[in-house]
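Q: Got a model open here and want to go through it piece by piece. Can you take questions as I look?

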Amino acid sequence: MAVLATKETRVICQGLTGRAATYHVGRMVAYGTQVVGGVTPGKGGRRHLDVPVFDTVVEAVAATGATASLVFVPPASAADAMIEAIDAGIELLVCVTERVPVLDMIRVRQRLQGSRTRLVGPNSQGILVPGETQLGVMTTINACKGPVGIASRSASLTSEIVAQTTAAGLGQSATIGVGGDPVHGVSLADCVRLFLEDPATEGIILIGEIGGTDEEEAAALIKELKPEKPIVAIVVGQNAPQQRRMGHAGALAAGQMGSAKAKMEALREAGVVIAPRADLVGVTMRQALAGYR
Amino acid sequence: MNLHEFQAKELLTRFGIMIPRGRLAASGAEAASVARRLNVREFVVKAQIQAGERAAGGGIRFATSPDEVGTIAADIIGRRLMTNQTGPAGEEVRWVYIEEAVPVVRSFYCAAVVDRSRGQLILVTRDRDDERSAGCGDGTVLPLEIVGSTARGDFDRAASPFGFEPVQRSLFAKRLSQIAEAAVSLDAILVEISPLALTPSGDFVALDAKVTIDDHALFRHPDIAALQDVNEGEDNDSVMLAADRHQINYLKLDGDIGVVVNGAGLALATLDLLHQAGGRAANFMDIRTTATSLDIAYAFGLIATNPQVRSVLVNVHGGGMQRCDTIADGIGIAFRRFGCSVPIVVRLAGNNAEFAATRLKSYGVSVVETADMWQAVNTAVQLATLKAA
């Protein structure tokens with residue numbers, strides 16, 4: 001059983017008929033993802049990418065048995081789409097939409113409480129389980145099945161580190177993008193928990209950046225669990241100017257709060273190996289795994 | 001997006017929050033005439049810059065006559081005001097806000113703010129005069145629930161530790177609910193009132209206000225978006241705003257290596273790598289997934305025309321949404337438009353990397369190509385050093 005999704009996972013896409021969604025879901029189908037339907041209000045009854053389109057998530061779930069949904073809806077209505085999916089009982093919800101208003105995400109978080117849904121994102125590249133399934137917009141060319149679980153706040157750096165771990169002869173069990181927004185679904189700590197429970201994952205890479213407390217929370221969890229699996233981390237943004245938002249809405253350092261240095265310190269203290277440079281993450285993981293075997 | 005004090009206060013009155021009587025002025029003479037019309041015994045003259053701790057920098061001063069208001073305003077306007085929050089360059093004061101000075105019995109810090117780790121909106125309340133003592137010196141933190149366009153919370157409980165009489169307590173709780181409602185209605189990630197003053201007549205009045213609106217929600221608030229003050233403020237740099245319209249997150253820095261990167265994480269990593277290699281970036285750049293080749297050409301133009309730049313580092317890892325060839329096309333277009341007098345080091349990986357290298361050649365862009373990221377970074381640093389020598 002892989003992390004979060006397998007090749008049997010039945011997936012619908014909210015916003016399927018849009019231009020970007022059409023392109024990326026087409027790539028997902030080619031990768032082997034079980035895309036079983038789409039939701040676009042007002043376009044129910046049509047077919048798109050050779051799957052049925054429904055007006056609502058409830059109808060789509062009833063007709064297709066989907067348990068996962070990929071939200072490809074513009075920022076203004078992304079939160080409503082997520083809430084609709086939560087109310088319809090979707091188990092795995094992945095939102096790739098960038099620039100969702102923060103207070104909308106708080107509304108989504110309120111709805112997630114007590115629900116059966118696990119949210120990945122927003123502003124996430126999604127989930128990739130190499131050789132099994134792809135729920136998201138990442139490139140798959142450098143990915144290959146292997147023992148490393150990657151959890152990341154950055155899509156571009158994930159592509160980079162996927163390539164590094166493949167070049168290091170390792171490969172990935174899964175990659176999860178927690179997203180670059182300040183308020184999001186699953187956290188780096190949640191991903192650590194998932195990867196520790198996953199027998200296919202032998203080592204974990206955490207890709208962090210300035211801002212927020214995701215890395216500190218992951219460090220606290222790791223310190224508490226004292227895991228058997230090696231964990232390598234990189235935290236970028238050490239040389240970013242203070243008080244400026246660096247690309248991601250969530251990447252902002254102010255004083256000691258959210259600084260790369262403090263995050264690395266917390267992780268190191270929890271027993272995590274900090275990669276010395278951004279280009280050496282794959283190699284560092286290989287060394288860490290060799291030490292454990 | 002940060003608002004000026006006078007903008008924030010005006011917005012807050014929509015929710016019933018009381019503010020002192022006041023008006024904006026852009027010159028000493030105007031300030032004096034504003035003060036005359038206010039017709040009160042004591043005035044406050046407040047510099048309008050988007051940074052806190054203005055009082056310590058001389059940006060908030062009291063006056064007892066309209067003439068004195070005029071003199072102070074004339075002194076402040078046009079100056080660069082430096083506070084603990086502005087950095088050494090300070091910020092230019094273009095306006096002052098003239099207000100009636102309000103007598104204060106007690107003063108409080110109240111803020112509705114997004115708590116990102118809990119994924120909640122919270123309301124923080126503290127007695128400003130009681131900071132070091134135990135108990136309510138730490139203040140109360142009230143989690144809020146967003147319901148429609150307002151926020152629900154136990155405001156009475158949040159108002160209870162301060163030892164108010166029942167009438168005052170319910171008035172204070174009402175102010176707290178108004179602050180929470182303002183945050184939700186305005187899509188604010190911060191509504192901070194400090195001080196919220198208890199006056200001798202028993203009212204709670206907002207003496208200062210700081211409001212930060214979520215940039216990603218401005219589409220719902222065209223009236224607030226129109227306030228965007230292009231010339232100043234940390235989020236309001238005009239080059240940055242123009243780049244933003246081209247789907248590029250751009251920030252000018254003080255080094256000499258221009259960087260072209262896709263994605264915020266890789267961009268931050270590139271700054272760190274440059275630093276580790278002994279170089280300094282001339283800019284931060286994150287090409288968003290939505291940028292077209294023409295957008296990228298615009299961004300490359302910013303680097304090609306920056307006289308500070310001695311070498312350019314292109315570090316691109318093509319993803320599913322932003323492929324290498326789109327970025328190569330952008331660089332090619334800019335190269336033909338502006339030329340580029342400094343060496344360009346290119347490292348392309350991921351989606352369509354090889355095709356992108358071919359595209360660059362067909363545009364006639366001469367580049368130093370390296371497959372390795374660390375080597376590319378070092379080459380860019382060396383070339384910049386050579387150019388400087």
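Q: Which residues of β12(A) are buried on one side, and which on the other?
A: On one side they are A:G203, A:I205, A:I207 and A:E209; on the other, A:I204, A:L206 and A:G208. Buried means that 20 or more other C-beta atoms lie within 10 Å of the residue's own, exposed means 12 or fewer, and partly exposed is in between, with C-beta atoms placed from the backbone. This is a predicted model, where local features need pLDDT of at least 70 and side-chain atom pairs count only at pLDDT 80 or more, while totals for chains, interfaces and linings use all residues. Residues are numbered from 1 along each chain as its sequence is written, and chains are lettered from A and ligands numbered from 1 in the order in which they are written.

Q: How many of the residues of strand β12 of chain A are buried in total?
A: Seven of the seven, residues 203-209, so the strand is largely enclosed by the rest of the structure. Strands here are DSSP runs of E of at least two residues, helices are runs of H or I of at least four, and both are numbered from the N terminus.

Q: What does β12(A) pair with?
A: Strand β10 of chain A (residues 145-152) runs parallel to β12(A), with five bridges. Strand β13 of chain A (residues 231-236) is also parallel to β12(A), with six bridges. Pairing requires that DSSP finds at least two bridges between two strands.

Q: Which residues face each other there?
A: A:G203 in β12(A) is opposite A:V148. A:L206 has A:A233 in β13(A) as its bridge partner.

Q: And what is the hand of the crossover from β12(A) to β13(A)?
A: Right-handed; the chain passes through helix α7 of chain A (residues 214-225) on the way. The term means that, with the strands pointing away from the viewer, the path from the first strand over the helix to the second runs clockwise.

Q: Other sheet now. What is the strand order in the open sheet of seven strands?
A: In chain A the order is β3-β4-β2-β1-β5-β6-β7, with mixed pairing. β3 (47-48) and β7 (118-120) of chain A are at the edges with a single partner strand each, so one side of each has no neighbour in the sheet.

Q: How do β3(A) and β4(A) run, parallel or antiparallel?
A: Antiparallel, joined by two bridges. A:R47 has A:P52 in β4(A) as its bridge partner. The two strands make a hairpin with two residues between them, and A:L49 in the turn has a positive phi of about 50°.

Q: What about β1 and β5 of chain A?
A: β1 (residues 10-14) and β5 (residues 68-71) of chain A are parallel, with four bridges. A:Q14 is opposite A:V71 in β5(A).
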